[in-house]
Amino acid sequence: MRILFLCPPADKINGGVKYICRMAEALRADGHDAAVFEKTGTRPSWFTSAAPVIGEAGLQPRADEILVLPEDQPDLLRRLAEWPQRKIIYCQNHFYAAIGAQGARSFADFGVRDILCSSRAIMDYCALRHPGARAHYIPCAVDPVIFKPGEKTRMVALVPRKRPVEAMFIQDMMTALSPAWRDMEWLSLHQATEAEIADGFGRAAIFLSLSRLDGFGLTPVEAMAAGCVVAGFTGIGGRDYADAQNGFWAGEDDFPACRTALERALDLWTAGGRPLQDYHAAAQAAAGRYTPAIFAAAVRRAWAMIGTG
C-alpha cells in the first residue's frame with residue numbers, strides 16, 4: 001500500500017512542505033512505501049529531504065494507495081472524493097482548514113477517515129469541527145543537530161514572512177525610542193533556507209517572533225533550540241509551548257507590549273548570569289518536547305491506528 005502525500009509547490013518556502021516530507025521520510029524509515037506528490041515533480045531546495053518526489057503522472061485513481069491531503073484545498077478534496085484511495089488530511093493550520101471545509105459538515109463528507117494534527121490546538125479543533133474523522137496528534141520537531149547555539153552577537157533575528165509591515169514598524173519604533181537599541185543589528189531572514197535560518201539563529205542573541213494565525217508556530221522553538229532569547233507574538237498556535245519561563249510574549253498585535261518584551265529580552269541577555277541560564281534551561285526544555293524522535297514515535301503510533309493494509 002503506497003502512502004502519497006500531496007504537496008503544494010515545493011519551490012516556495014513553507015513550513016508545511018517540510019513536514020510533509022519529514023512524515024514521508026519517517027514512514028519510509030519504518031518500512032512503508034511513502035512518497036511526496038508535487039505537480040511539477042520539483043524537489044524542495046531550501047531544506048534537505050530524502051523523500052521520493054513524483055510528478056503529475058504519478059497521481060491516478062488506484063485502490064492500493066492512501067492519499068494524504070492538505071487541509072486548505074477544497075477543489076482537490078472534491079476532485080478526489082470519488083477516487084478509490086483512502087483519504088487522510090494532514091492539518092498543519094486549523095485557521096486555513098476553513099478554506100478546505102467550504103461549509104461542509106465535516107472532512108468526512110469528502111471520504112476522509114483520519115486527520116493528522118501538528119498541534120494540540122489543531123487536534124481539539126478537528127475533533128470539534130470535523131466529526132466522523134479521527135484526529136491524531138503528531139507534534140512537529142526541531143532537529144538539534146541543525147538548530148544549535150553558536151557564537152552569539154548583539155543581534156535580533158526575525159522571519160518577517162507573516163508580518164512584514166509589523167516587522168518594519170517594530171524595528172523603527174525600537175531604534176527610534178530606545179537608545180540601547182540604536183546600535184542593534186537586525187537580521188531579517190526573508191525567503192531563507194533552513195540552513196541560513198539555523199545559522200542566523202545560532203548567532204543571534206534575540207529572536208523576534210512574528211508568528212500570526214499559526215497552527216503551531218515552529219520557528220520560535222527553533223530559535224529556542226539555537227539559544228536565542230525569544231520575544232514577540234505566539235501567533236495563537238504558539239500557546240502550545242509558550243510560557244513566562246521560555247519567552248517574553250506579547251498579546252496578538254499588542255505592539256507596545258512587544259516593544260517591552262524585546263527590551264526585557266535584551267536586558268536579560270546583557271545581564272547574563274543565573275537568570276539567563278535559567279531562561280535557556282526553560283527554552284531547551286520546551287524545545288525538548290519537539291524532537292525528531294518524538295515526531296517519529298507519534299508518526300508510528302498514528303499510522304498504526306490508521307492501518308496501511
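Which residue caps the N-terminal end of helix 8? In this predicted model, local features need pLDDT of at least 70 and side-chain atom pairs count only at pLDDT 80 or more, while totals for chains, interfaces and linings use all residues. Residues are numbered from 1 along each chain as its sequence is written, and side-chain values use heavy atoms, with hydrogens and water left out.

The cap of helix 8 is provided by D254, a side-chain oxygen of which lies 3.1 Å from the backbone nitrogen of A257. Polar contacts are pairs of N or O atoms within 3.5 Å; within protein, one atom must be able to donate a hydrogen and the other to accept it, and residues adjacent in sequence count only if both atoms are side-chain atoms. Helices (H or I, at least four residues) and strands (E, at least two) are DSSP runs, numbered from the N terminus. Helix 8 comprises 17 residues, 255-271, and reaches 24 Å from its first C-alpha to its last, close to the 24 Å expected at 1.5 Å a residue; the expected span is 1.5 Å times one less than the number of residues.

The buried residues of helix 8 are F255, C258, A261, L262, A265, L266 and L268. Viewed down the axis of helix 8, these buried residues fall within an arc of 160°, so they line one face of the helix. Here the arc is that of the directions from the helix axis to the C-beta atoms, and buried denotes under 20% relative accessible area, exposed over 50% and partly exposed in between (1.4 Å probe, protein chains only). The face turned away from the buried side carries the exposed residues P256, D267, T270 and A271. A257, also in helix 8, counts as partly exposed because its relative accessibility is 26%. Packing against the buried residues of helix 8 involves strand 8 (153-158), helix 5 (164-177), strand 10 (204-214), strand 11 (229-236), strand 12 (248-250) and helix 9 (273-287), where contact means heavy atoms within 4.5 Å.

Just after helix 8, G272 takes a positive phi of about 65°. The axes of helix 8 and helix 9 come within 7 Å and cross at roughly 115°; axes are lines fitted to C-alpha atoms, for helices over the stretch in contact, and angles run from 0 to 180 degrees between N-to-C directions. In this contact, helix 8 contributes L268, W269 and A271, and helix 9 contributes G273, P275, L276 and Y279.

In helix 4 (residues 120-129), the buried residues are I122, Y125 and C126. They cover an arc of only 95° around the axis, which puts them on the same side of helix 4. D124, A127 and L128 are exposed on the other side. The cover over the buried residues of helix 4 includes strand 5 (86-91), helix 3 (94-101), strand 6 (112-117) and strand 7 (134-137).

Q92 is placed in the loop between strand 5 and helix 3 and is buried, with a relative accessible area of 16%. The side chain of Q92 reaches the backbone oxygen of G16 at 3.0 Å. H94, in helix 3, counts as buried at 12% relative accessibility.
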